[in-house]
Amino acid sequence: MNWIRLAEEVLEGKILTHEEALAILHSPDDELLLLMQGAFTIRKHYYGKKVKLNMIMNAKSGYCPENCGYCSQSSISTAPIEKYPFITKEEILDGAKKAFENQIGTFCIVASGRGPTRKDVNVVSEAVQEIKEKYGLKVCACLGLLKDEQAKQLKTAGVDRYNHNLNTSEKHHDYITTSHTYKDRVNTVEIAKKYGMSPCSGAIIGMREAKQDVVDIAYALHALDADSIPVNFLNAIDGTKLEGTKELDPRYCLKVLALFRYINPTKEIRIAGGREINLGSLQPLGLYAANSIFVGDYLTTEGQEENADYALIRDLGFEIEVNEKQAALHE
């Protein structure tokens, strides 16, 4: 396969066939650099060398009734994690201040649970109004399954984006969780879109799925028109259903990122949870396909030391994307 030519065809409007998509995941390691060059051709066309930074604020940890097999916060997990109820508005604002000072473009307020309570939505809404006024950050909320009135309130308060990952293909979904359906997840993304919030939805790779499942979710996210696509690589936590699962290597992870770029050429592709463990020393190459990363810790696992992320971007010759207020702060 001529990966550079295929990338040029994508820029001309081509939609990859399923056979071409699978060929990316099955491509020989000897072609990896050519594949990444093709992915970079697409990435550079739409995003140049800019990198979007995201930071997670874990607003509620544990106490989740869902049975997701990858998650240390689920009802079936025995992982020894910190558990706490929904945090205060002041604590959210403290997190936003740190994000602003560290050149983070998108501040992500994430909470465990099937869906938010009225009180949870009120706390987030009040915090977001102050965050927008003080820091001008893009705010993403990830609070679980969403109802219409909740979506309307969050949008009115200033929430820019709502995240609800599909996680895996529809075919593989019931292996991962049975306490909610694949359609429940799709419906929440559609509700967010209905009320004007930018849809953020992605995948977790390495959950004992077939390569066809990876291709299927890449196409599903294309069909859903997700603006931002976080690509997580499973960090199998002891005490979860997927404990001990280790299917990934850095080269395959790069092929997955390339696949998502070829199928979703115009979208923000974010290297998300598990990148440090699964990409290892090849992390920098991931940004030739992706244009966004999380900085700092994740929900219940630690991320890479922040300075290492900034050095990675600097060494590539790439540039952090910041808002006007942040640019003025760092002049």
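Modeller: Buried means under 20% relative accessible area, exposed means over 50%, and partly exposed is in between, with a 1.4 Å probe and protein chains only. This is a predicted model, where local features need pLDDT of at least 70, side-chain atom pairs count only at pLDDT 80 or more, and totals for chains, interfaces and linings use all residues. Residues are numbered from 1 along each chain as its sequence is written, and side-chain values use heavy atoms, with hydrogens and water left out.

Biologist: Is D225 buried, exposed or partly exposed?

Modeller: D225 counts as partly exposed, because its relative accessibility is 38%.

Biologist: Where does D225 sit, and what is its phi?

Modeller: D225 is in the loop between α9 and β7. Its phi is positive, about 60°, although D225 is not a glycine. Helices (H or I, at least four residues) and strands (E, at least two) are DSSP runs, numbered from the N terminus.

Biologist: Which other residue has a positive phi without being a glycine?

Modeller: Q103 has one, at about 65°. Q103 lies in the loop between α4 and β2 (106-111). With a relative accessible area of 22%, Q103 is partly exposed.

Biologist: Back to α9. What span should it have, and what does it have?

Modeller: Helix α9 covers residues 211-224, and at 1.5 Å a residue its 14 residues should span 20 Å. The end C-alpha atoms of α9 are 20 Å apart, which agrees. The expected span is 1.5 Å times one less than the number of residues in the helix.

Biologist: Which residues of α9 are buried, and what covers them?

Modeller: The buried ones are D213, V214, V215, I217, A218, Y219, A220, L221 and L224. Their cover includes α2 (18-25), α8 (182-194), β6 (203-205), β7 (228-233) and α10 (250-263).

Biologist: Then α10. How many of its residues are buried?

Modeller: In α10, 12 of the 14 residues are buried, so the helix is largely enclosed by the rest of the structure. They are Y252, C253, L254, K255, V256, L257, A258, L259, F260, R261, Y262 and I263. For α10, the 14 residues should span 20 Å at 1.5 Å a residue, and the end C-alpha atoms are 20 Å apart, which agrees.

Biologist: What caps the N-terminal end of α10?

Modeller: D249 does, with a side-chain oxygen 3.0 Å from the backbone nitrogen of R251.

Biologist: And L257, what is it in contact with?

Modeller: L257 is in helix α10 and counts as buried, at 0% relative accessibility. Leaving aside neighbours within four places in sequence, L257 is in contact with V231, F233, I269, I271, L279, G286 and A289. Contact means heavy atoms within 4.5 Å. The C-alpha atoms of L257 and V231 are separated by 7.4 Å, and the two residues are 26 residues apart along the chain.

Biologist: Change of topic: how do α4 and α5 cross?

Modeller: The axes of α4 (residues 89-101) and α5 (residues 118-135) come within 9 Å and cross at roughly 30°. That makes α4 roughly parallel to α5. The contact is made by K89, I92, L93, A96, K97 and F100 of α4 and V123, E126, A127, E130, I131 and Y135 of α5. Axes are lines fitted to C-alpha atoms, for helices over the stretch in contact, and angles run from 0 to 180 degrees between N-to-C directions. Under 35 degrees counts as roughly parallel, over 145 as roughly antiparallel, 65 to 115 as roughly perpendicular and the rest as oblique.

Biologist: Where do α5 and α6 meet?

Modeller: V121, N122, V124, S125, V128 and Q129 in α5 meet Q150, Q153, L154 and A157 in α6. The axes of α5 and α6 (residues 148-157) come within 8 Å and cross at roughly 15°, and the two helices are therefore roughly parallel to each other.

Biologist: Last one, S198. Which side chain does its side chain make a polar contact with?

Modeller: The side chain of S198 makes a polar contact with that of D227, at 2.7 Å. A polar contact is a pair of N or O atoms within 3.5 Å; within protein, one must be able to donate a hydrogen and the other to accept it, and residues adjacent in sequence count only if both atoms are side-chain atoms. S198 lies in strand β5 (residues 198-200) and is buried, with a relative accessible area of 16%.
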